[in-house]
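Please consult the sequence and the structure as the points are read.

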Amino acid sequence: GHDINKLLAQTGDTTYDQGFSSTASCKSAITFIDGDAGVLQYRGYSIEQLAEKSSFLETAYLVIYGELPTAEQLATFEDRITKNMIIDERMRDFFRCFPRRSHPMPVLAAGIMGLSTFNSETTGLDNDSVEEATTRLLAKVPTLAAYGYKNSIGKPTLYPDHSLNYIENFERMSFGNPAEPYQIDDKITRALEVLLILHADHEQNCSTSTVRLVGSSQANLYASVASGVNALSGPLHGGANQEVLEMLQQIKDSGMSVQEFVDKVKNKESGIKLMGFGHRIYKNYDPRANIIKKHADEVLKLKEGRRDLLDIAQELEQTALNDDYFQSRKLYPNVDFYSGLIYEAMGFPVNMFTVLFAIGRLPGWIAQWREQNNDKSTKIGRPRQVYVGQTHRDFVPLEQR
Ligand code: ACO
């Protein structure tokens, strides 16, 4: 009932842009997206080439430092990270304080704040502190994630193993058992690595904008990244991959046909969305979804995953892509449509999916925070509003209300 133009006229040069769909909040040289053409590039390199040829730590280096590393730079970087994967012994105890079966996402967010207390000498904004905090976060977040997972299933934690690489270490700490050696499967490790590469950055999405906004107050890297984890936890952002799997399972359990489900989604009154479809920026296709789709097929062949759910997902995709409702609104599968199926085939429960997304997005959050921290013209983020409440009322004493 409010006339926005009239209200805006009262607030000077403020523009009203709900959801910030047409407001650039910063200048950035990290990630380029052309949503109409389905293009995603980190520092100018296409996501397709990086997914095929790069490793996760190499991509992290590229995203954070701006250039692909030389062989020597990469070796030094990998060594520094894998040596730092261990966490303080008292932080290991920290996990015991959470209830058994705690969701690993809030445990990860709390763990990152815990890290900031155990690494308080690296919470400054100067280059040396930021460099050290970058190493420690990249190194220790997978360890925190694996320990949060072990806590959620009531199993003992494992120390990281220097002889393994970053991804292998995370797999072993998640699935390994202290009593026996852990068997690494190269194809599974590569699929996980590709998924993490695909998630490494995505310019000013909700969690990254959160990291920047928190960082704009000169809050340190740990505090800003922990805020990013919390922003990512919502179902409309990182939580969507969990919802996709639950949706597929519901379709299966209900016995309804895929067409019946799609019809339900199209009836707005049902309030049901086709999870894993639609994107604020990609209005043609999500290039990450195309890459993931190929891996879903591979991994589900290798591991006795949920072939039944993959079949439903593929039928759902085809049905929606041929439907006028989805075509006219330019709704296509996004990165989350197939990622959950792969994670599940690897052995992760649904409540770990968003944690995996967080491990992948970490280099992006760090790079964006550093880019902002290096820009001396940065101002504290402080959006305006259009006030629609009461004005000019006299206080009414309690006994007269
Ligand atoms: N299922 C059914 N209808 C949809 C869907 C969907 N998944 N997504 C959008 N629509 C409809 C909307 O109802 C709206 O219809 P209308 O014009 O008739 O009102 C129209 O398409 C436009 O959608 P908006 O919600 O305005 O698009 P917006 O850019 O705000 O939202 C979002 C994007 C949040 C991703 C949305 O598509 C959605 O909720 N998708 C499902 C959740 C999901 O998969 N999220 C993951 C995103 S990717 C990521 O975070 C990595």
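Helix 8 and helix 9 stand roughly perpendicular to each other, because their axes cross at roughly 110 degrees and angles of 65 to 115 degrees count as roughly perpendicular. The model is a predicted one. The points below take up this helix pair, the loop that joins it, the whole chain, the ligand shell and one further loop residue.

**Helix 8 and helix 9**

- Helix 8 covers residues 166-175 and helix 9 covers residues 186-198, and their axes come within 10 Å.
- On the helix 8 side, the contact is formed by I167, E168 and E171, which meet T189, L192 and E193 of helix 9.
- Sorted by class, this contact contains 3 charged, 2 nonpolar and 1 polar residues.

**The loop between the two helices**

- Q183 is located in the loop that runs between helix 8 and helix 9.
- Q183 counts as exposed because it has 9 C-beta neighbours inside 10 Å, and the limit for an exposed residue is 12 or fewer.
- From C-alpha to C-alpha, Q183 lies 9.8 Å from E171, a residue 12 positions apart from Q183 in sequence.

**The chain as a whole**

- The chain contains 18 helices and 3 strands.
- For 401 residues, a compact globule would have a radius of gyration near 21 Å, and the value of 23 Å for the chain agrees with this.
- Along the principal axes, the C-alpha atoms fill a box of roughly 70 × 55 × 50 Å.
- Of the 401 residues, 42% are buried.
- Among contacts between residues at least 6 apart in sequence, 77% join residues at least 24 apart.

**The ligand shell**

- There are 17 residues around the ligand, and those that come nearest are A240, K273, L274, G278 and R280.
- The shell comprises 8 nonpolar, 5 polar and 4 charged residues.

**S28 and its contacts**

- S28 is placed in the loop between helix 1 (4-9) and strand 1 (31-34).
- S28 has 18 C-beta neighbours inside 10 Å and therefore counts as partly exposed.
- Leaving aside residues up to four places away in sequence, S28 touches E203, Q368 and E371.
- S28 and E203 are 175 residues apart in sequence, yet their C-alpha atoms are 8.1 Å apart in space.

Note on methods: Residues are numbered from 1 along each chain as its sequence is written. This is a predicted model: local features need pLDDT of at least 70, side-chain atom pairs count only at pLDDT 80 or more; totals for chains, interfaces and linings use all residues. A residue is near a molecule or strand if its C-beta atom, placed from the backbone, lies within 6 Å of it. Ala, Val, Leu, Ile, Met, Phe, Trp, Tyr, Cys and Pro count as nonpolar, Asp, Glu, Lys and Arg as charged, and the others, Gly among them, as polar. Helices (H or I, at least four residues) and strands (E, at least two) are DSSP runs, numbered from the N terminus. The radius of gyration is taken over C-alpha atoms; the globule rule is 2.2 Å times the number of residues to the power 0.38. A residue is buried if 20 or more other C-beta atoms lie within 10 Å of its own, exposed if 12 or fewer, and partly exposed in between; C-beta atoms are placed from the backbone. Two residues are in contact if their C-beta atoms, placed from the backbone, lie within 7 Å. Axes are lines fitted to C-alpha atoms, for helices over the stretch in contact, and angles run from 0 to 180 degrees between N-to-C directions. Angles under 35 degrees count as roughly parallel, over 145 as roughly antiparallel, 65 to 115 as roughly perpendicular and the rest as oblique.
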